Amino acid sequence: MPYWWHYDAGMGWLGPVLAVVVLVVVLAAAGLIAALVVRRGTRSPQEHDSALGILRERFARGEIDQEEYERRREALKR
């Protein structure tokens, strides 16, 4: 009885190249996800809330007008 696992499937050089391509794609996806998680985590909710609080206080005291308030509030939401 021949040992069928000793024979390759006839993919030649395509098999190793495909394995490398898949590995690169998986590593790139993992790196992208990690970068997004780190970027999302750099802004804590407290920093965002305190910045909005300061902006609200400045608007309430009349230091900035409504147009400036809305422009800065939109910038903080990003």
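Reply: **Salt bridges and their partners**

Glutamate 63 and arginine 61 are joined by a salt bridge in which the closest N and O atoms are 2.9 Å apart, a salt bridge being a side-chain nitrogen of Lys or Arg within 4 Å of a carboxyl oxygen of Asp or Glu. The model is predicted, so local features need pLDDT of at least 70 and side-chain atom pairs count only at pLDDT 80 or more, whereas totals for chains, interfaces and linings use all residues. Residues are numbered from 1 along each chain as its sequence is written, and side-chain values use heavy atoms, with hydrogens and water left out.

Of this pair, glutamate 63 is partly exposed at a relative accessible area of 45%, while arginine 61 counts as exposed at 53%; here buried means under 20% relative accessible area, exposed over 50%, and partly exposed in between, with a 1.4 Å probe and protein chains only. Both residues also belong to a network of salt bridges that links Glu57, Arg58, Arg61 and Glu63.

Glutamate 74 pairs with arginine 73, with 4.0 Å between the closest N and O atoms, and with lysine 77, where the corresponding separation is 3.6 Å. Arginine 73 is partly exposed, at 26%, and glutamate 74 is likewise partly exposed, at 40%. Lysine 77 and glutamate 74 both lie in helix H3 (residues 66-77), 3 residues apart, which is about one turn of the helix; helices are DSSP runs of H or I with at least four residues, numbered from the N terminus. Across the whole structure, the search finds 7 salt bridges.

Key: Helix = DSSP H or I, 4+ residues; strand = E, 2+ residues; numbered from the N terminus.
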